[in-house]
Amino acid sequence: MKKIFYNIFVLLSFVMLMTACGTDDMEFKNADVTEVKKLYEPATEKAINLTSSGSLYFSWEPAIAQDGGAPLYEVYFDKDGGDFSSPLFVLSSDLNGYSSGADISHKILNKVAALAGAEPGETITLAWTVASSRGINQKISKVSNKITVTRIEGLEDPGQVFITGEGSEAGSDLGNALPMHRLGEGEYEVYVKLVAGGTYKFVDSKSGSPAEYYIADGKLKEGTEGTANTLNGVYRIKIDFGSASASTPVEITEVGFWFCPTNSVEWKLSYQGKGVWKGAGPVTFKQESWGRDQRYKFRVSLKDTKGTESLEDWGPANANEDGTPSGTASYYNLAIYTSISQWDHKWKFASDFDGKTVNLTVKMTGDTYTHEVSL
């Protein structure tokens, strides 16, 4: 409540100042300004456990400008013991810099703590102060306070993630980075060929200066180090920003066309790159007493880094799918099933494919996993 009344008071004062002085007083002028002499909130050495949705209010005694105009303020952050000559982070106060207070989100404080060297879940002490200005003249306060923050355990979900680096088929050209598939909030995976001897990393953009992440000891970390790679082959990699973790890469050793009536892999698909497998071979429906059976899916062989082998089925995204092809693209959408069987989770070929050579293309990339069927 105190913070609300304070913000209302500052806003009213700001409006009255603009009304009384006119717009000319709000223009940047080369006028002298006093430094901020007192920092009010947060109290020095206040301890905060950061959350993904919280915020912390900072306030200070207003400065005075020589020309009677309204000063601008910026909040400076530095490491404990720093002199703010090269601050870790700078941001304007509320009201576009005219307020003597700033409501700063925990996400920003989490970023500052990371810049100071704290890992997710670690606690670190930060120093903060305020710079006041009027035009080109700026004064950094001689007083500073400390806050102790405990970083959010996980990392902030960037919303989109790509894999890049010479240790992967994407190579080191950022523009060729491969998109990762979003499994859920903060969770991503990618099917990619890994190349031993190099490193790979994850980025949130294919251009500019993106945020970078890497895997070390099963943890997902923010930084430019890159993930050292000793693996050769096509792998599935999963990362989770919410828990700042990564699963051990699993090799995809085979993707096979599974024909349910024969309870077997009829022929194999080969990896084409960028999460795509293709194959071609004969398809002959099986004659049953009730008609010809055309049900199929994909049987996939996997091997972890310890050499343990396993199987899974790639079948319809609609787990209960059992109808004939509808002609819509969504019919061919694909999901992963770790419980394998002869009949569950299958599609049906259209009748035109009986006795023909069929092309199958599996696309484990992009927003939607899917496959294509053609003659």
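## A cluster of aromatic rings

Ring pairs join Phe 257, Phe 259, Trp 267, Phe 285, Tyr 296, Phe 298, Trp 347, Phe 349 and Phe 353 into a cluster. Here, rings of Phe, Tyr and Trp (its six-membered ring) pair if their centres lie within 6.5 Å; planes under 30 degrees apart count as stacked, over 60 as edge-to-face and the rest as tilted. The structure holds 22 aromatic pairs. One of them is formed by Phe 58 and Phe 77: the ring centres are 5.7 Å apart and the planes stand at 85 degrees, so this pair is edge-to-face. It links distant parts of the chain, with Phe 58 in strand E3 (residues 55–60) and Phe 77 in strand E4 (residues 72–79), 19 residues apart. Strands (E, at least two residues) and helices (H or I, at least four) are DSSP runs, numbered from the N terminus.

## About the model

This is a predicted model, in which local features need pLDDT of at least 70 and side-chain atom pairs count only at pLDDT 80 or more, while totals for chains, interfaces and linings use all residues. Residues are numbered from 1 along each chain as its sequence is written, and side-chain values use heavy atoms, with hydrogens and water left out.

## Three domains

The protein chain is divided into domain 1 (33–151), domain 2 (161–248) and domain 3 (251–374); these bounds come from an automatic or database domain assignment. Taken over C-alpha atoms, the centres of domain 1 and domain 2 are 34 Å apart.

Val 161 is in the loop between strand E9 (145–150) and strand E10 (162–164). At 2% relative accessibility, Val 161 counts as buried. Its C-alpha atom is separated by 25 Å from that of Glu 312, 151 residues apart along the chain.

## A cavity inside

Rolling a probe the size of a water molecule over the atoms shows where empty space is left. A search of the whole structure finds 1 cavity of 30 Å³ or more, and about 60 Å³ of space lies in the largest cavity. On a 1 Å grid over the protein atoms alone, a cavity is a set of points where a 1.4 Å probe fits but cannot get out, and lining residues have an atom within 4 Å of a point. Grid points are joined across faces, edges and corners, and a volume is the space filled by probe spheres set on the points.

By type, the lining divides into 7 nonpolar, 4 polar and 2 charged residues (Ala, Val, Leu, Ile, Met, Phe, Trp, Tyr, Cys and Pro count as nonpolar, Asp, Glu, Lys and Arg as charged, and the others, Gly among them, as polar).

## Loops and backbone angles

Most residues other than glycine have a negative phi, and most peptide bonds are trans. Asp 217 has a positive phi, near 55 degrees. Its place is in the loop between strand E15 (212–216) and strand E16 (219–222), and Asp 217 is exposed, with a relative accessible area of 79%. Asn 263, in the loop between strand E20 (250–259) and strand E21 (264–273), also has a positive phi, about 55 degrees. At 40% relative accessibility, Asn 263 counts as partly exposed.

A cis peptide bond joins Glu 41 and Pro 42, with omega about -10 degrees. Pro 42 lies in the loop between strand E1 (39–41) and strand E2 (46–49). Gly 366 belongs to the loop between strand E29 (356–363) and strand E30 (370–374) and is partly exposed at 24% relative accessibility.

Notes
On a 1 Å grid over the protein atoms alone, a cavity is a set of points where a 1.4 Å probe fits but cannot get out, and a pocket is an open set with protein on both sides within 12 Å along at least five of seven lines; lining residues have an atom within 4 Å of a point. Buried means under 20% relative accessible area, exposed over 50%, partly exposed in between (1.4 Å probe, protein chains only).
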